[in-house]
Amino acid sequence: MHLKESRVLIVGGTSGLGLAVARAVIERGGVPFVASRRQSNVDDALAQLPGAGGIAVDLIDPASIDAMIRAAGPIDHLVYTAGENLELTPLDDLTPEVIETFWRTRYIGAISVIRATRLKLNPAGSVVLTSGTAGQRPASGWALGASICGAMDALTRELALELAPIRVNAVAPGVTRSRLWSSMSDDEVQSMYAGVGAALPVGRIGETDDVALAYVYAMEQEMATGTIITVDGGAVLV
Ligand SMILES: NC(=O)c1ccc[n+]([C@@H]2O[C@H](COP(=O)([O-])OP(=O)(O)OC[C@H]3O[C@@H](n4cnc5c(N)ncnc54)[C@H](OP(=O)(O)O)[C@@H]3O)[C@@H](O)[C@H]2O)c1
């Protein structure tokens with residue numbers, strides 16, 4: 001299904017990976033509809049996305065999710081990239097509140113949006129979720145980050161059966177330059193990018209446009225479902 005004239009709801013589409021997917025959809029003649037928590041981010045994104053629509057959404061409020069879906073109009077593909085800034089947390093600091101907050105957007109939010117969208121999705125369309133290579137290649141302090149990747153991989157495979165014929169796939173990026181890392185200082189983040197990139201077979205970290213191509217592929221191809229597409233510069237190999 002070529003993306004020309006396709007309508008793509010991108011939850012988390014105002015920054016980073018989701019915004020790059022929105023740009024890629026426009027380049028292919030499709031129409032993105034972006035949603036995230038902050039209206040200011042929606043406004044900034046729409047200023048860069050000619051022809052796109054967008055809305056602010058509260059992912060723990062079913063009425064807000066329904067309003068987003070109504071505003072989006074017909075939906076061929078759902079892309080889910082929403083996630084707060086990553087803060088690495090050692091085991092000692094993993095209180096129930098910290099754990100619940102982390103899972104609320106990435107997991108509960110994803111399932112809530114899929115539940116609310118599924119009957120409206122084009123049966124020839126798809127859902128593309130976001131995982132990550134931390135599930136296979138965690139580092140110390142990554143208990144939450146690694147766990148969510150494992151959960152999204154499993155959810156992708158299960159939903160490929162439960163939502164069929166709608167295809168369900170996920171993209172697993174390695175370290176990719178985006179606002180996700182802005183809990184770190186600028187110096188820390190630049191040094192992390194340089195260190196991680198130098199250790200990779202490709203010699204650099206990912207850019208959001210690199211990873212967006214995998215989301216586009218997941219939407220356009222018509223055969224793969226339940227598949228996790230890794231885009232990590234070879235990180236799981238080294
Ligand atoms: N970048 C990487 O290196 C990398 C690697 C592997 C996996 N990932 C995963 O990919 C996903 C996207 O990352 P990214 O790099 O694109 O990050 P990003 O640039 O920070 O974008 C995250 C998006 O999610 C939205 N968001 C955050 N909390 C939200 C909430 N409670 N409700 C609705 N929207 C919310 C943000 O907008 P608002 O602030 O307006 O809500 C923003 O649009 C994350 O789940 C991340 O863990 C990223």
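**Figure legends: close-up views**

**View 1. The loop around P165.** P165 sits in the loop that joins α5 (143-162) to β6 (167-173). The structure shown here and in the other views is a predicted model.

**View 2. The whole protein chain, for orientation.** The protein chain contains seven helices and seven strands. Their order along the sequence is β-α-β-α-β-α-β-α-β-α-β-α-α-β. The radius of gyration is 17 Å, close to the 18 Å given by the globule rule for 238 residues, so the protein chain is as compact as a globular protein of that length. The C-alpha trace spans about 45 × 40 × 40 Å along its principal axes. Of the 238 residues, 45% count as buried. Among contacts with a separation of 6 or more, 69% are between residues 24 or more positions apart.

**View 3. The shell around the ligand.** There are 28 residues around the ligand, and G16, S36, R37, G83 and S178 come nearest. By type, the shell divides into eight nonpolar, 15 polar and five charged residues. Helices α1 (16-27) and α4 (96-117) each supply at least two residues of the shell. The most comes from α1, which gives three residues.

**View 4. Helix α1 and the residue that follows.** The 12 residues of α1 reach 17 Å from the first C-alpha to the last, close to the 16 Å expected at 1.5 Å a residue. Nine of these 12 residues are buried, so α1 is largely enclosed by the rest of the structure. The buried residues are G16, L17, G18, L19, A20, V21, A22, A24 and V25. After α1 comes G29, with a positive phi near 90 degrees.

**View 5. I10 in the largest nonpolar core.** The largest nonpolar core has 61 residues. Those that touch the most other members are I10, V21, A22, V34, V128, V171 and Y215. Beyond its neighbours within four places in sequence, I10 is in contact with G18, V21, A22, P32, F33, V34, V79 and T81. V21 and A22 also belong to the buried residues of α1.

View 6. V57 lies in the loop between β3 (53-56) and α3 (62-72). With 25 other C-beta atoms within 10 Å, V57 is buried, the cut-off for a buried residue being 20 or more. Not counting residues up to four places away in sequence, V57 touches V11, A35, S36, R37, S64, I65 and M68. R37 is 20 residues from V57 in sequence, and their C-alpha atoms are 5.1 Å apart in space. S36 and R37 are also among the residues that come nearest to the ligand.

**View 7. Helix α6, with no buried residues.** Helix α6 covers residues 186-199, and at 1.5 Å a residue its 14 residues should span 20 Å. The end C-alpha atoms are 20 Å apart, which agrees. The number of buried residues among the 14 is zero, so α6 lies largely in the open. In α1, by contrast, nine of the 12 residues are buried.

View 8. E5 is placed in the segment before β1 (7-11). Its phi is positive, about 65 degrees, although E5 is not a glycine. E5 is exposed, and 10 other C-beta atoms lie within 10 Å.

Key: Residues numbered from 1 in each chain as written. Predicted model: local features only at pLDDT ≥ 70, side-chain atom pairs only at ≥ 80, totals over all residues. Near = placed C-beta within 6 Å. Helix = DSSP H or I, 4+ residues; strand = E, 2+ residues; numbered from the N terminus. Nonpolar A, V, L, I, M, F, W, Y, C, P; charged D, E, K, R; others polar. Core = buried A, V, L, I, M, F, W, Y, C linked by C-beta atoms within 7 Å. Contact = placed C-beta atoms within 7 Å. Expected span 1.5 Å × (residues − 1). Rg over C-alpha atoms; globule rule 2.2 N^0.38 Å.
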